Amino acid sequence: DSSSVVADIGAGTGYYTFRIAPKVPQGRVYAVDVQDESVRFLKNRARELNISNVEVVMGGAKSPNLPKGAVDLALMVDVYHELEYPHEMLQAIRESLKPNGRLLLLEYRAEDPAVPIKRLHKLSVEQANKELAANGFKLVQREDFLPIQHFLVYQKVE
């Protein structure tokens, strides 16, 4: 929907942020990162590209520092397994989501030994479901169209 509010958590260089922004012209994209250099880079890039609906946010280890009840879709691409405080982070994300808000995780498939990524950097659906259920989320969509990543959409359970 063109007025959606999307949070790209762990935005890095903004690969997803700057692809999503034009698709939500009446909405907003929060580009969240914990590293100063990424935050600086994202701010400069948004200015260079003259994109006004991107808001860069300095995240923390335990919270993405997003407004409560504001986000339609939170996105974490290859970020979840890196979280230092997954429980606190998921609780904070849950608070930032609107009642029907969703969380999309893209993670390398731990179940697939052919995925050439260290075990440490992979996540199984079973593990993800367990941790997300414990934090008030349920799996509502699972797709396997990506060659080596899971595409998992969770909805917050009230």
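Student: Is Lys156 buried or exposed?

Tutor: Buried means under 20% relative accessible area, exposed over 50%, and partly exposed in between (1.4 Å probe, protein chains only). Lys156 is buried, because its relative accessible area is 13%. This is a predicted model, in which local features need pLDDT of at least 70, side-chain atom pairs count only at pLDDT 80 or more, and totals for chains, interfaces and linings use all residues. Residues are numbered from 1 along each chain as its sequence is written, and side-chain values use heavy atoms, with hydrogens and water left out.

Student: Which residues does Lys156 touch?

Tutor: Contact means heavy atoms within 4.5 Å. Not counting residues up to four places away in sequence, Lys156 touches Arg94, Leu97, Lys98, Pro99, Gly101, Gly136 and Phe137. The side chain of Lys156 also reaches the backbone oxygen of Leu97 at 3.0 Å.

Student: Which residues of helix H4 are buried?

Tutor: Helices (H or I, at least four residues) and strands (E, at least two) are DSSP runs, numbered from the N terminus. In H4 (residues 125-134), the buried residues are Val125, Ala128 and Leu132. They lie on the same side of H4, because they cover an arc of only 60 degrees around the axis; the arc is that of the directions from the helix axis to the C-beta atoms. Glu126, Lys130, Ala133 and Ala134, on the other side of H4, are exposed.

Student: What do the buried residues of H4 pack against?

Tutor: Their partners are helix H3 (86-96) and strands E5 (97-109), E6 (122-123), E7 (137-143) and E8. Lys156 is found in E8 (residues 149-156).

Notes: A polar contact is a pair of N or O atoms within 3.5 Å; within protein, one must be able to donate a hydrogen and the other to accept it, and residues adjacent in sequence count only if both atoms are side-chain atoms.
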